[in-house]
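Subject: Structure handover and findings

Hello,

Here is the structure you were waiting for. Please open it first, then read my notes below.

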Amino acid sequence: MSEPSEGLSNLLHEERRFPPPAELTANANYGAEAYAAAATDRLGFWDDKARRLSWATDWTQTLDWSDAPHAKWFVGGKLNASVNCVDRHVEAGLGDRVAIHFEGEPGDTRTITYAELGVLVAKAAHALTELGVKQGDRVAIYLPMSVEAVVSMLACARVGAIHSVIFGGFSAQAIYDRVIDADASLVITADGGWRRGKVFALKPVVDEALAKGTTGVKNVIVVRRGENDVDFDAERDVWWHELVDRQPDTHTAEAFDAENPLFILYTSGTTGKPKGILHTTGGYLTQAAYTHHAAFDLKAETDVYWCTADIGWVTGHSYIVYGPLANGATQVIYEGTPDTPTQDRFWQIVEKYRVSLLYTAPTTIRTFMKWGEELPAAHDLSSLRVLGSVGEPINPEAWMWYRRVIGGDRCPIVDTWWQTETGAMMISPLPGVTATKPGSAMKALPGVSVDVVDDVGTPVPNGGGGLLVLTEPWPAMLRGIWKDDARFVETYWSRFAAQGYYFAGDGAKKDEDGDLWLLGRVDDVMNVSGHRISTTEVESALVSHPSVAEAAVVGANDPTTGQGIVAFVILRGNTANGGDAQVAELRNHVAKEIGAIAKPRQILVVAELPKTRSGKIMRRLLRDVAENRAVGDVTTLADSSVMDLISSGLSSGKAED
């Protein structure tokens, strides 16, 4: 490809700069010198970050890249992830520090100190051992957002077992596929969890999954959360409270090799065999802890941190469990949705716990925009000092709203790019250093090497667009795809094998300053009459119109142009649906912002977009609708009825010019 989009030079140009607050800069965890230190001695830089952790045995080699693309980091070193997340803080006299403020959707709360978390993890580790779980065994975890989810992951890490967390919205078939692929011997689930004022079933879905065929599952541990009646197999099933509560309060943890597998996390594929991304312990924990400390300028003694992701996704692994707890942070964990019981629930929580560091998704921010400024304005958000964005590129309009309405025009925004495969943040501003631009993720973090290249792997100049690649190995990198090394090499390393680059699958642009603008997946770059147009830039153009709260754009097959642009938009709450006139206005607005070639073929005004429970827009389903195909699997959606409404309305909003 050449340019990912003809309109990029216009749309992804930003004159506004927001330098960090002077007070933050003066006390920042990382200054500009971190970039120079990493550039001068990259491996020495990572040695320094690894030493922020507690190691039982020091490493003899920082990186072994002799079998590229298979990496070994901190060779010979031994540590235990659970000890680093809990025990070492207690031993340092921080046992009374709050680790978790849990807020349940019904309003129930739990406050867990590091000392109390240590007891819970010790008991759970003994419970795993009683059931025969040992180093290298796989444990599937299918739980709601809960203290037990965190404890389960840490208990697995403590005994050297490999956890595979399955998002609580996945179907029985998805669970079965993952259990079979990982050959899990144990499943940890709950009778149910809370969502939008109701209890949704979990244990029955596990039962259905395990009934689909022969598996290696010997036991199912069930957390009592929803007070549901569930079927029990006396030979297989056991209540968490009956098994775990009776275990000893202390547990002696073994140190494991730095390359000991820590977890498998399956990417949310829509077709074909699920892809089990494998992460190991030492490098992953090093980078998760460092990036959390750096990107949020964490002051563990005073900050209250809240990542609104689900533990079922990699963001929950790295920035709810391993990164924050390794850093001794105090954090909020919330079970439920942003609009239960009211649409200001998030701001109630920020105010209640005096949250200072908030990490959420652009989709969620745009939803808040749709709901209106008066909701956050009714709460005291003055405790906030750094805001984070994760999950997809954030359009400048949402970025500015986040800064102004939520951050009071004083909080730096760290727009972070990374993947399940990278394990931890790769691109992000440093809040005490970077003068940020709305919509740009800016630069790679110190220690990380990225570039934007053309089709043959040649770096593009500033102002150019192309493919995002990682040019040097990094500690938290995936170590493979579970049981499928050929797929690992083919998927991530084959395109630029000559250069040894990892291809992220995303398009990106360098602006005139060399700052990075992420454009989403390459397969979300549309080809309209030979012009390559990013769905992200069309979405940003639509959301820049004052009547649009949120937009999702897909490319649909078109016999004339190759692909036609089809947009689905949600209007702001105080905007009336003006029908054809409004659709025409929006189409012309896109043409004005980008160019006539980017004018959507169709725009459909909808009440909601199809989203997973983590807030990710399922554009493949919108593409099914746009191309008049039967809609694919909707089991991962928060509300599957959304697709029926969208399908029935597609006949409107058409244009042929």
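Let me start with the core. The largest nonpolar core has 140 residues. A nonpolar core here is a set of buried Ala, Val, Leu, Ile, Met, Phe, Trp, Tyr and Cys residues joined through side-chain atoms within 4.5 Å. Buried means under 20% relative accessible area, exposed means over 50%, and partly exposed lies in between (1.4 Å probe, protein chains only). L154 and Y322 have the most contacts inside this core. Helix α7 (residues 147-159) gives the core its largest share, 10 residues. Helices (H or I, at least four residues) and strands (E, at least two) are DSSP runs, numbered from the N terminus.

Look at Y322 in the viewer. Leaving out residues up to four places away in sequence, Y322 touches A81, C85, M153, L154, A157, H163, L262, Y284, L285 and H317. Contact means heavy atoms within 4.5 Å. Another core, of 29 residues, lies apart from the largest one. V350, I365, L381 and C411 are among its members.

Before you go further, a word on the source. This is a predicted model, in which local features need pLDDT of at least 70, side-chain atom pairs count only at pLDDT 80 or more, and totals for chains, interfaces and linings use all residues. Residues are numbered from 1 along each chain as its sequence is written, and side-chain values use heavy atoms, with hydrogens and water left out.

Overall build

The protein has 21 helices and 30 strands. Its C-alpha atoms fill a box of roughly 70 × 60 × 50 Å, taken along the principal axes. Of the 657 residues, 64% count as buried. Among contacts with a separation of 6 or more, 72% come from residues 24 or more positions apart.

The sheet

Seven strands form an open sheet with mixed pairing. The order is β5-β4-β17-β16-β18-β19-β20. Two strands pair if DSSP finds at least two bridges between them. β5 (109-113) and β20 (413-415) stand at the edges. Each has a single partner strand, so one side of each is left without a neighbour in the sheet. β4 (residues 98-103) pairs with β5 in the antiparallel sense, over five bridges. I100 stands opposite I112 in β5.

Salt bridges

There are 40 salt bridges in the structure. The cut-off is a side-chain nitrogen of Lys or Arg within 4 Å of a carboxyl oxygen of Asp or Glu. Side chains of opposite charge can pair when their charged atoms come close.

- K123 with D249: the closest N and O atoms are 3.1 Å apart. This pair links distant parts of the chain, 126 residues apart. K123 is in helix α6 (residues 114-130), and D249 is in the loop between α10 (240-243) and β13 (256-257). K123 is buried, at 12% relative accessible area. D249 is partly exposed, at 44%.
- D207 with K203: the closest N and O atoms are 2.8 Å apart. Both lie in helix α9 (residues 203-210), four residues apart, about one turn of the helix. D207 and K203 are both buried.
- R236 with D237: the closest N and O atoms are 2.7 Å apart. Both R236 and D237 are buried.

Shared partners also join R17, K437, K443, D511, D513 and D515 into one salt-bridge network.

Backbone points

Which peptide bonds are cis? One runs from A68 to P69, with omega near 10 degrees. P69 is in the loop between β1 (61-67) and β2 (70-75). Another joins T340 and P341, with omega about 0 degrees. P341 is in the loop between β17 (330-334) and α13 (345-353).

D297 is not a glycine, yet has a positive phi of about 50 degrees. D297 lies in the loop between α11 (282-295) and β16 (304-307), and is buried at 3% relative accessible area. D409, also not a glycine, has a positive phi of about 60 degrees. D409 sits in the loop between α16 (396-406) and β20, and is partly exposed at 44%.

Best wishes
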